[in-house]
Amino acid sequence: MHEGSWGVSHTRVPTESRPGHVALIAGFYEDVSAVAKGWKENPVEFDSLFNESKYTWSWGSPDILPMFAKGASGDHVYTYSYDSKRQDFGAQDATKLDTWVFDNVKDFFHHARNNQSLLSKINEEKIVFFLHLLGIDTNGHAHRPSSRDYKDNIKKVDDGVKEIVSMFNHFYGNDGKTTFIFTSDHGMTDWGSHGAGHPSETLTPLVTWGAGIKYPQRVSAQQFDDAFLKEWRLENWKRLDVNQADIAPLMSSLIGVPFPLNSVGILPVDYLNNTDIFQAESMFTNAVQILEQFKVKMTQKKEATLPFLFTPFKSLSDSKQFDILRKARSYIKDRKFDEAVSLCKELIHLALKGLSYYHTYDRFFLGINIAIGFVGWISYASLLIIKSHSNLIRGVSKEVKKPSHFLPCSFVAIGILVALFLLIQACPWTYYVYCLLPVPIWYAVLREFQVIQDLVTSLLTYPLSHFVGYLLVFTLGIEVLVLSFFYRYMLTVGLTAFAGWPFLTRLWTRAKVTSLSWTFFSLLLAVFPLMPVVGRKPDISLVMGAGLLVLLLSLYVVTSLTKRKDSFIKEELLVHLLQVLSTVLSMYVVYSTQSSLLKKQGLPLTNQIISWATLASSLIVPLLSSPALFQRLFSILLSLMSTYLLLSTGFDLASVYCFLTVFSPFMMGSLMMWKILIPFVLVMCAFEAVQLTTQLSSKSLFLIVLVISDIMALHFFFLVKDYGSWLDIGTSISHYVIVMSMTIFLVFLNGLAQLLTTKKLRLCGKPKSHLM
């Protein structure tokens, strides 16, 4: 209201620390492949505001600062970080992270007064001071944004910023040459999480004041889709929204350095309190910088494409580029600065569209190849099922023909031609995978020509109504699965249909109790997709209640098993009692850890040891139990439930607090992934038991799942988006990746389930035994 300009900075998914900082300081939206390095190391080096500056001094987290120093030219980016162990979600007071930064900045300037070399450096032009304040984020994760801890941390930061601003002004003699920019890398939900696309995660503050920044501007009215203006009582103060990447060129312009090389940010000139000619020249430079990226990308694509196949981006031809640049320069010369700025913005938008065009240039070509590969693979897997595990083609006459060399020679020739085509165009190795993989797949399909012929012959004699009915049920089933990714209640629809299945078959007349049980449990399961996805706060009473239910179930089962003295020996009783004790310990650890964290006493070492020991033993102890099917399933349930209880203290990072509270993305992510996998492992073990008792073919079941998942994957492949909100784009890609990973995921789970249900470990050096 008194000194600067403000607005909302719109981030992109994923709303994580590293991508947010790269957008802010380097001006581009980093590829999510950086997650493979834990958001710490740079997959590729990149230019940044810090690199372009004369000097940069930064204080804060060891996870963020080093990535902007690494790869910087020369020795002009200085970082001061606290120890990573300080990033403890269970610590006494996370505000200490911010206090550390403020204290070290004050010490730095105090030291500079007595160090002539340092004093001369910090009095240079084009320098940056970066204060990374992690305390609020840590307190948000640990205690939620509605907590007293979070609000106290905000008060500390407000006081700290006020003190630092005062110190800067005093140190530089109130020369009015310092600009202050206050913003955030991401937001946070009310329940203390970020990383997705909820508005509370993607909308971040931007408050700027000082040298080169416009003073507050009064307006009579302004329209925005959200209610922030009214909530914050700023309806009459002009709000200037930006994209997060726009902040990098803003900072570059303010200190007078080149825009970062790969920046796609658009300079928000409305923030600048400068001459009209400066704003117009800055926008012109911004347009040229982004246009150069477009030209480089176009040249790269043109050189790697056969001339008669290359299709340029028609909206921005060479002549149009020249005309716009000439016209913009003419406007500046004639002092028509508003027109020049508007024209430069038009050029930037065209160049960004062109960049996107060349980034996705080969999409149609690759998409066709992937679709052909999918259809071929689905066809081959279906033929294998029909050939080996169905009676559909039995009884159809089969003539043994002498194999022909025409088919393999034809496909070898096709493969060579495709490889030559890709080689001439200097395509990356991934293109060879996409384009050559369909060749052997379709060769394998056409090798089964006799099966295809027999199948067609058989289907011609099959009742049309039955065939259409089965096809309709199969199609509806797959569509329900696909729709369940968008609407969870579709799972309820599918499970309700399953509940009525026994009454449509002879099963109801032969096994009424089993049929009623099936219907009851299917309907019970159908309730869960209708429940809320994410809870707002952890409820330890639910965890303790679940633990008590497991204890009651285990005591009942152990009591019933001890009555069968002939099949339940002391060694196995000891194993089950050990698992019961593990469940009790897990409940104690959950309760005491939560109590300790609420008192801000951190994670007790004893609890941490017990948690890791429980996790380590959860996959080993079941192998000591009897290989009898029921006892083994019971043992697996007890072991995994102990770990599951330890991982059920929250709906986000809080779920791993029994194991560790110091920030470690890989370790925390792995633990959360294991929590998600535990129910799948239990279901897979039960499925393995059904398979063993019914003697069903595991190969045919796997192939059926493979066909269904591949049809779904092909469906999702055509639903992948690169437009709209970043939430829509991220969701469409994640759906495709999830379904594509399903096959590998099931292979892993099937192997783990077989190990857990069939292997037996004997102590004292005795060999393993197998349940056949």
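**Entry 1: what I am looking at.** I am working with a predicted model, so I keep that in mind throughout.

**Entry 2: the antiparallel strands.** I started with strand 1, residues 5-10. It runs antiparallel to strand 6, residues 203-210, and six bridges join the two. I looked up W6 and found V207 as its bridge partner in strand 6. Strand 6 also pairs with strand 5, residues 179-183. That pairing is antiparallel too, and it has five bridges. Here I saw F180 standing opposite W209 of strand 6.

Entry 3: In which order do the three strands of the open sheet lie? I read the order as 3-2-4, with parallel pairing. The edges are strand 3 (77-81) and strand 4 (127-131), each of which pairs on one side only. On average, neighbouring strands in this sheet are turned by 10 degrees against each other, if direction is ignored. I then followed strand 2, residues 55-60, which is joined to strand 3 by five bridges.

**Entry 4: a cis bond.** The peptide bond between V13 and P14 is cis, with omega about 0 degrees.

**Entry 5: two positive phi values.** R144 is not a glycine, yet I noted a positive phi of about 80 degrees for it. I found R144 in the loop between helix 6 (135-143) and helix 7 (148-171). Is R144 buried or exposed? Its relative accessibility is 8%, so R144 counts as buried, the cut-off being under 20%.

My other case is A426, again a residue other than glycine, with a positive phi near 55 degrees. A426 lies in the loop between helix 15 (406-424) and helix 16 (429-436). Its relative accessible area is 56%, so A426 is exposed, given that exposed means over 50%.

**Entry 6: a helix pair.** I finished with helix 25 (residues 605-617) and helix 26 (residues 629-646). Their axes come within 9 Å and cross at roughly 145 degrees. The crossing of helix 25 past helix 26 is left-handed. Which residues make the contact? From helix 25 I listed S611, T614 and L615, and from helix 26 S642, T643 and L646. Sorted by class, this contact has four polar and two nonpolar residues, and no charged ones.

How values were computed
Residues are numbered from 1 along each chain as its sequence is written. This is a predicted model: local features need pLDDT of at least 70, side-chain atom pairs count only at pLDDT 80 or more; totals for chains, interfaces and linings use all residues. Side-chain values use heavy atoms; hydrogens and water are left out. Axes are lines fitted to C-alpha atoms, for helices over the stretch in contact, and angles run from 0 to 180 degrees between N-to-C directions. Helices (H or I, at least four residues) and strands (E, at least two) are DSSP runs, numbered from the N terminus. A crossing is left-handed if the near helix is turned anticlockwise from the far one by less than a right angle, and right-handed if clockwise. Contact means heavy atoms within 4.5 Å. Ala, Val, Leu, Ile, Met, Phe, Trp, Tyr, Cys and Pro count as nonpolar, Asp, Glu, Lys and Arg as charged, and the others, Gly among them, as polar. Two strands pair if DSSP finds at least two bridges between them. Buried means under 20% relative accessible area, exposed over 50%, partly exposed in between (1.4 Å probe, protein chains only).
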